[in-house]
Amino acid sequence: MHLHKFEKIWLVFGIGSLVLFMVILGYGAFWKGTHPQSHGQIIDPNNVEAYDAFKPENLGVNKVDEKRYVINVVASAFNYDLGTDKDGNAVKTIRIPKGSNVLFQVTSPDVVHGFNIAGTNVNMMIEPGYVSKMETVLNNPGEYTIVCNEYCGVGHHLMFGTLEVYE
Amino acid sequence: MVSETNKNLGDKNEPDLRGTFASVMFVLAFIVISWFGVLGIFLSR
């Protein structure tokens with residue numbers, strides 16, 4: 001088979017990039033342990049409170065250590081339950097000091113929701129019956145909007161919260 | 001003399017792929033630059 005010299009060059013680049021992307025994918029999956037956020041940890045969607053993290057008193061920001069936080073959220077149509085403040089009002093804004101290591105644990109009792117903190121790498125699909133977890137370090141101060149980016153019903157656009165990373 | 005004629009003919013039948021080659025390299029550059037751009041955004045956030 002005769003191939004033009006240029007064809008050989010771009011075939012090498014094309015097949016080479018396929019191989020390179022497969023290697024990067026394999027490196028991420030097998031060495032770095034990257035996987036979908038709902039990693040097979042199942043709970044009963046009709047009774048999320050049976051799971052410690054989603055008991056009403058554990059929702060929202062939990063400080064575990066200096067600069068280490070766990071944020072538990074129940075995402076339901078059409079609200080993010082971030083717990084209540086000391087006056088009993090629903091929390092809509094969570095505040096975290098800059099440079100903190102934060103573990104987000106989110107679940108849904110009803111339908112599929114999204115949990116995206118716009119402008120950060122936190123972006124998860126929240127499926128009923130699964131616990132979606134993601135750990136991240138919040139280094140950039142600012143105010144970020146938490147949005148649902150999976151269409152979940154008529155009130156989908158009303159489903160949001162705020163995360164403030166302060167100095 | 002005969003072989004030289006054949007060789008010249010062969011060269012003339014070879015399609016001119018310089019433009020195609022430039023386009024392919026342009027697409028390659030676009031993919032590589034976007035890939036590293038997205039990686040940069042991921043790492044900086």
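# Briefing: a two-chain predicted model

Asp81(A) sits in strand β3 (residues 79-81) of chain A, where strands are DSSP E runs of at least two residues and helices are H or I runs of at least four, numbered from the N terminus. This is a predicted model, in which local features need pLDDT of at least 70 and side-chain atom pairs count only at pLDDT 80 or more, while totals for chains, interfaces and linings use all residues. Residues are numbered from 1 along each chain as its sequence is written, and chains are lettered from A and ligands numbered from 1 in the order in which they are written.

**Around Asp81(A)**

- Asp81(A) counts as buried because it has 20 C-beta neighbours inside 10 Å. The cut-offs are 20 or more other C-beta atoms within 10 Å for buried, 12 or fewer for exposed, and partly exposed in between, with C-beta atoms placed from the backbone.
- Setting aside residues up to four places away in sequence, Asp81(A) touches Leu59(A), Val73(A), Val74(A) and Ser76(A). Contact here asks for C-beta atoms, placed from the backbone, within 7 Å.
- Pro109(A) lies 28 residues from Asp81(A) along the chain, and their C-alpha atoms are separated by 11 Å.

**The nonpolar core**

- The largest nonpolar core has 28 residues, of which Val73(A), Ala75(A), Val106(A), Phe115(A) and Leu163(A) touch the most other members. Such a core is a set of buried Ala, Val, Leu, Ile, Met, Phe, Trp, Tyr and Cys residues joined through C-beta atoms within 7 Å.
- At least two residues of this core come from each of β2 (68-76), β4 (93-97), β5 (100-107), β6, β7, β9 and β10 (160-166) of chain A. The strand that gives the most is β2(A), with 4 residues.
- Beyond its neighbours within four places in sequence, Val73(A) has contacts that include Leu59(A), Tyr80(A), Asp81(A), Val106(A) and Phe115(A).

- At one end of the order, β4(A) and β10(A) run parallel and are joined by 5 bridges. Ile96(A) stands opposite Val165(A) in β10(A).

**Strand β6(A) and its partners**

- Strand β6 (residues 113-117) of chain A is mostly covered, with 4 of its 5 residues buried.
- Its antiparallel pairing with strand β7 (residues 123-126) of chain A spans 4 bridges. His113(A) stands opposite Ile126(A) in β7(A), and Asn116(A) has Asn123(A) as its bridge partner there.
- The two strands β6(A) and β7(A) make a hairpin with 5 residues between them, and Gly119(A) in the turn has a positive phi of about 95 degrees.
- Strand β9 (residues 142-147) of chain A also runs antiparallel to β6(A), with 2 bridges joining them. Here Asn116(A) stands opposite Val147(A) in β9(A).
- Which residues of β7(A) form the covered face, and which the uncovered one? Met124(A) and Ile126(A) make up the covered face, and Asn123(A) and Met125(A) the uncovered one.

**Backbone geometry to check**

- Most residues other than glycine have a negative phi, and most peptide bonds are trans.
- The peptide bond from Ala77(A) to Phe78(A) is cis, with omega near 0 degrees; Phe78(A) belongs to the loop between β2 and β3 of chain A.
- Lys67(A), a residue other than glycine, has a positive phi near 65 degrees. This lysine is in the loop between β1 (60-65) and β2 of chain A.
- With 15 other C-beta atoms within 10 Å, Lys67(A) is partly exposed.

**Chain B**

- Chain B has 2 helices and 0 strands, and 0% of its 45 residues count as buried.
- Helix α2 (residues 18-44) of chain B has 27 residues and reaches 39 Å from first C-alpha to last, close to the 39 Å expected at 1.5 Å a residue; the expected span is 1.5 Å times one less than the number of residues.
- The helix α2(B) is hardly covered, with 0 buried residues among its 27.
- Between the chains, 9 residues of chain B are in contact with 6 residues of chain A. The side of chain B that touches chain A holds 6 nonpolar, 1 polar and 2 charged residues, where Ala, Val, Leu, Ile, Met, Phe, Trp, Tyr, Cys and Pro count as nonpolar, Asp, Glu, Lys and Arg as charged, and the others, Gly among them, as polar.

Notes
Contact = placed C-beta atoms within 7 Å. Pairing = 2+ DSSP bridges.
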